[in-house]
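Hi everyone, thanks for coming.

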Amino acid sequence: MTTKIIGTGSAVPEQVVTNDDLSKIVDTNDEWIRTRTGIRERRIASEESGTSHLATLAAAEALKQAGVAAEDLDIIILATSTADHCFPSGACEVQAAIGAHRAVAFDISAACSGFVFALNTVHSFFKAGIYQTGLIIGADTLSKIIDWKDRSTCVLFGDGAGAAVVKAEENGSFYMTLGSDGRKSSALECRSRTTGNFLTKTEPELGYMTMDGQEVFKFAVKTVPESIHTVLSESNTPIDEIKYFILHQANYRIFESIAKRLKVPMEKFPTNLERFGNTSAATVPILLDEMNREGKIERGDKIILAGFGAGLTWGATLLEW
Ligand code: ACO
């Protein structure tokens, strides 16, 4: 039993914000951002284009490409850290918007690793024989939890959504690994929720995202190659059989370091970071959708998807297209 991606879709807000635009609100410049990260511009959501809205647009495109009707979906998993509300979940909002009334729908929170967590979770349901057809989405509007006065974080992120329709099938490769280490959560966190009640008298915390950039960098360049090696060895696949490594789009220098460690040429690490920045759970499925629509991935190709992010969390999937 395996899991196949049979359709992809993506959506980003219309509003483009360039590095020069950001240099008008914080003390930064295009050269610093480009050379440290590879990012040139990002899309930022308006009031009207929240996480569920973008997720719904991406989902509709993926369903259309897959030729699957919404009412045929058994399960919807939305990976996000920036759902529009505490509840209902974003997945339930997408379910209602697309009319997938038979599906079970829920969100998972694994930050930038979220799409890989969603894919591996749906695969586990398929493998157990519980469901056969699923929709997985990575969608985030991190612009809502960024301190737009903090130049060390606000230049890195953008908003967007990507989706994939997945199906349980008999033949093909699918190997996965996931990991978490809550002890290192302070490297990347956003504690903007109230934890008090009438007994504790705690005031609501309205914090923004904080990040120890160098810690995150070290964590990414260590765990991503390790998880890639795990899926390669479990599947007994030589690394040169992998056509593309579709990594969480956080930073171009992270790709360079990972490519060097794996001894794989940079051409195998596609990127769209320069146009969208880091869209958290959405980076992997947006890039996957672009590559799919450009015809760069063909049936039978082996690709690896890999994510890393807050939690800390990480994961990889080797799959046959
Ligand atoms: N513009 C100009 N200068 C800046 C900016 C900015 N936007 N941000 C920081 N600086 C300054 C700092 O103040 C510092 O100045 P100082 O030397 O006078 O003190 C200098 O630049 C260097 O700062 P560092 O933080 O040491 O810069 P570094 O080389 O580490 O680059 C970066 C920072 C790009 C964030 C890097 O650490 C990195 O890429 N880390 C990985 C972060 C990441 O990918 N996060 C997201 C992944 S997880 C997720 O996706 C949620």
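Where does UniProt place the feature "domain: Beta-ketoacyl-[acyl-carrier-protein] synthase III N-terminal"? The unreviewed UniProt entry puts it at residues 106-182. UniProt positions are in the numbering used here, feature names are shortened, and annotations may be inferred rather than shown by experiment.

Two housekeeping points. Residues are numbered from 1 along each chain as its sequence is written. This is a predicted model, where local features need pLDDT of at least 70 and side-chain atom pairs count only at pLDDT 80 or more, while totals for chains, interfaces and linings use all residues.

Back to that span. Residues 106-182 are 23% helix and 39% strand, with the end C-alpha atoms 22 Å apart. Helices (H or I, at least four residues) and strands (E, at least two) are DSSP runs, numbered from the N terminus.

Now the sheet. Five strands make an open, mixed sheet in the order S1-S7-S6-S4-S5; two strands count as paired if DSSP finds at least two bridges between them. At the edges, pairing on one side only, are S1 (2-11) and S5 (104-108). Strands S4 (residues 75-79) and S6 (residues 133-141) run parallel and are joined by 5 bridges. Ile77 sits opposite Ile136 in S6. Helix H3 packs on this sheet and touches S1, S4, S6 and S7. By contact I mean C-beta atoms, placed from the backbone, within 7 Å.

Which residues touch the most other members of the largest nonpolar core? Among its 94 residues, they are Ala58, Ile76, Ile136 and Ile137. Helix H3 (residues 51-66) gives the largest share, 8 residues. Domain 1 (2-171) and domain 2 (175-320) both contribute, so the core lies between them; those bounds come from an automatic or database domain assignment. A nonpolar core here is a set of buried Ala, Val, Leu, Ile, Met, Phe, Trp, Tyr and Cys residues joined through C-beta atoms within 7 Å. Ile137 has contacts that include Ala55, Ala58, Leu78 and Val94, not counting residues up to four places away in sequence.

Ser173 is in the loop between S7 (159-169) and S8 (174-180). Its contacts include Thr2, Ser235 and Glu320, again leaving out residues up to four places away in sequence.

Definitions and conventions
A residue is buried if 20 or more other C-beta atoms lie within 10 Å of its own, exposed if 12 or fewer, and partly exposed in between; C-beta atoms are placed from the backbone. Two residues are in contact if their C-beta atoms, placed from the backbone, lie within 7 Å. Axes are lines fitted to C-alpha atoms, for helices over the stretch in contact, and angles run from 0 to 180 degrees between N-to-C directions.
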